[in-house]
Amino acid sequence: MVVPSTTPARQETVTMLLPPPCPGGGAIPTVDMSAPHGRGALSRQVARACAEQGFFRAVNHGVPPAGPAARLDAATSAFFALAAHDKQRAGPPSPLGYGCRSIGFNGDFGELEYLLLHANPAAVAHRASSIDTNDPSRFSSVVNEYVEAVKQLACDILDLLGEGLGLEDPRLFSKLITETDSDSLLRINHYPPSCTVHKLDHDDQCKLKGVARTKAGNGGNPAAGGRIGFGEHSDPQLLSLLRANDVDGLQVLLPDINGKDVWIQVPADSSAYFVNVGDLLQALTNGRLVSVRHRVITSACRPRLSTIYFAAPPLHARISALPEMVTAGSPPRYRSFTWAEYKTAMYSLRLSHSRLDLFHVDDDESGNGSKGK
Ligand SMILES: C=C1C[C@]23C[C@@]1(O)CC[C@H]2[C@@]12CC[C@H](O)[C@@](C)(C(=O)O1)[C@H]2[C@@H]3C(=O)O
Ligand SMILES: O=C(O)CCC(=O)C(=O)O
Ligand SMILES: [Fe+2]
């Protein structure tokens, strides 16, 4: 087995913004998906990045920048450029649909507007008529085409993970997201420029005057100058694949050389995919892979447009540690649960909550079932 042993639970002790130590992001691993050193080396590299950082930058990933990705960016940018009342037709988020500032149902806010879609063609077609009233079928095909491309990349990465972890069935993870009733999502986030001159425009766009400005409790002190675009959280699903324009803002919480967690800025790279491990993959691997905490802090004078594919299993999928991941020295950490059960818990909680803690075996046994923030 080539994957490093379980990462110990991490405590954030310092919050700071670091300039990227090198153009590639320093602590952030870059994985060349064209496998220049062969598939074995690639699978080990992917597994190692997901175990040590829970995050990596994928380059030469095979999804061409022109084509589905460019068409989706054009279609979603056109939507966000509409007048507020036209966009509200696709809202409020249920949680799917168009949302502005408000995230989830429990009082989280961020300086963004977004579209959240179920990634299956029938659901996309249902939403398209309120998003693109002129040509809903074109909007649907643009989204479906993109989803097919990004889902293929997600399957490739999940298969590499299965191989790198030495699973008996290396395709087990990817099979979960290719089921016809998989619960994967596509989210498009649009962060307005942070310059004061544009801020009022955005308040007007959202028609949410009077809503409290983002508070520190929504993700921590972002440091002078930045505003919370999307507060600190981990993604609940299996794996997330993020592509964004060339505007910075994404930060990940990673341990420094002394083991202290620090916020690392992820330099923008519009040609790359940023891949992060979600809570379900952490549970399936019994904590071997880590669901990385991340956030978006906006400080640029240009809008940030990001598109994230959240690869998820069907609602009925049962999540419990794979036998290969359980040993005498590494007993099961989480009790078994279904994705539906996990989703119910997650929608009742704030964005920053460490949801997986609710399913931790120790917490369960000691009766502290609702540990968290
Ligand atoms: C506050 C919330 C928004 C969220 C559902 C939740 O109750 C907690 C998890 C949040 C999150 C984070 C990652 C994704 O952006 C998201 C779509 C998801 O699956 O979990 C969001 C949820 C959301 O915006 O509905
Ligand atoms: O918009 C981004 O860059 C990241 C947002 C995010 O983490 C999310 O939507 O879950
Ligand atoms: Fe996220």
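Tutor: Buried means under 20% relative accessible area, exposed over 50%, and partly exposed in between. Keep in mind that this is a predicted model.

Student: Are Tyr-342 and Phe-359 buried or exposed?

Tutor: Both Tyr-342 and Phe-359 are buried.

Student: How many aromatic pairs does a search of the whole structure find?

Tutor: The search gives eight aromatic pairs. One of them joins Phe-105 and Tyr-347, with 5.8 Å centre to centre and 50° between the planes, a tilted arrangement.

Student: Which parts of the chain does that pair link?

Tutor: Distant parts: Phe-105 is in the loop between strand 4 (97-103) and strand 5 (108-118), while Tyr-347 is in helix 9 (residues 339-347), and the two are 242 residues apart.

Student: Why is the pair of Tyr-342 and Phe-359 tilted?

Tutor: Planes under 30 degrees apart count as stacked and over 60 as edge-to-face, with the rest tilted. The planes of Tyr-342 and Phe-359 are at 45°, so this pair is tilted; the ring centres are 5.2 Å apart. Tyr-342 belongs to helix 9 and Phe-359 to the loop between helix 9 and helix 10 (361-366), 17 residues apart.

Student: Which cluster do ring pairs form?

Tutor: Phe-337, Trp-339, Tyr-342 and Phe-359 are linked into a cluster by ring pairs.

Student: What lies over the face of Tyr-114?

Tutor: Arg-187 does, at 4.1 Å from the ring centre. Over the face of Trp-263 lies Arg-295, at 4.1 Å from the ring centre.

How values were computed. Residues are numbered from 1 along each chain as its sequence is written. Chains are lettered from A and ligands numbered from 1 in the order in which they are written. This is a predicted model: local features need pLDDT of at least 70, side-chain atom pairs count only at pLDDT 80 or more; totals for chains, interfaces and linings use all residues. Side-chain values use heavy atoms; hydrogens and water are left out. Rings of Phe, Tyr and Trp (its six-membered ring) pair if their centres lie within 6.5 Å; planes under 30 degrees apart count as stacked, over 60 as edge-to-face and the rest as tilted. Helices (H or I, at least four residues) and strands (E, at least two) are DSSP runs, numbered from the N terminus. Buried means under 20% relative accessible area, exposed over 50%, partly exposed in between (1.4 Å probe, protein chains only). A charge sits over a ring if NZ of Lys or CZ of Arg is within 6 Å of the ring centre and within 35 degrees of the ring normal.
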